[in-house]
Amino acid sequence: MNTLSGYIELNLGVLSEPVPFKFGTNAYALFCEKRKIEFHQMPETGVFGSNIVALRELYYCAHVSAMRSAGKEPLSIERLTDLLDEYGDKGLVDAMLQSRILGFTLKELAQGGKEEKK
């Protein structure tokens, strides 16, 4: 997994190739466009909490982003959701949380774009 771009591939059983996901700026832009919201409104969707529908939509947007980068057609949201239900989504949350958007992690963005001092 490339943690800076939030790129991860999952082996989802019946498919011959791993399924890619990329939690970068494009994935979040797609999610916001689909939901007709601004980026700062994302937490209100429950995507970072308990709303499984919103989380799966973000996973799908990350999949679309990765496939577009590779010049390939993404799976349908229904097919992807079925595969994730059957084979699990292990690693996707970590990829999402460790990725950087405009140079910041989600935690840093939540703090107003301030980097933590170590």
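A residue is called buried when its relative accessible area is under 20%, exposed when that area is over 50%, and partly exposed in between, using a 1.4 Å probe and protein chains only. The structure described here is a predicted model, in which local features need pLDDT of at least 70 and side-chain atom pairs count only at pLDDT 80 or more, while totals for chains, interfaces and linings use all residues. Residues are numbered from 1 along each chain as its sequence is written, and side-chain values use heavy atoms, with hydrogens and water left out.

Helices (H or I, at least four residues) and strands (E, at least two) are DSSP runs, numbered from the N terminus. An α-helix has 3.6 residues a turn, so residues three or four places apart point the same way. After H1 comes Lys 36, with a positive phi near 55°.

Attention now turns to charged side chains. A salt bridge is a side-chain nitrogen of Lys or Arg within 4 Å of a carboxyl oxygen of Asp or Glu, and a search of the whole structure finds four of these contacts. One of them pairs Glu 57 with Arg 35, at 2.6 Å from N to O. Because Glu 57 belongs to helix H2 (residues 52–69) and Arg 35 to helix H1, this pair ties together parts that are 22 residues apart in sequence. Glu 57 is buried, at a relative accessible area of 15%, whereas Arg 35 is partly exposed at 24%.

Helix H2 also carries Arg 56, and this residue takes part in a salt bridge with Asp 85, where the closest N and O atoms are 2.7 Å apart. Asp 85 sits in helix H3 (residues 77–87), so the contact with Arg 56 links parts 29 residues apart in sequence. Arg 56 counts as buried, with 12% relative accessibility, while Asp 85 is exposed at 53%.

Arg 56 has a further salt bridge, to Asp 89, at 3.6 Å from N to O. Asp 89 lies in the loop between H3 and helix H4 (92–98), so this pair ties together parts that are 33 residues apart in sequence. With a relative accessibility of 24%, Asp 89 is partly exposed. Through shared partners, salt bridges join Arg 56, Asp 85 and Asp 89 into one network.
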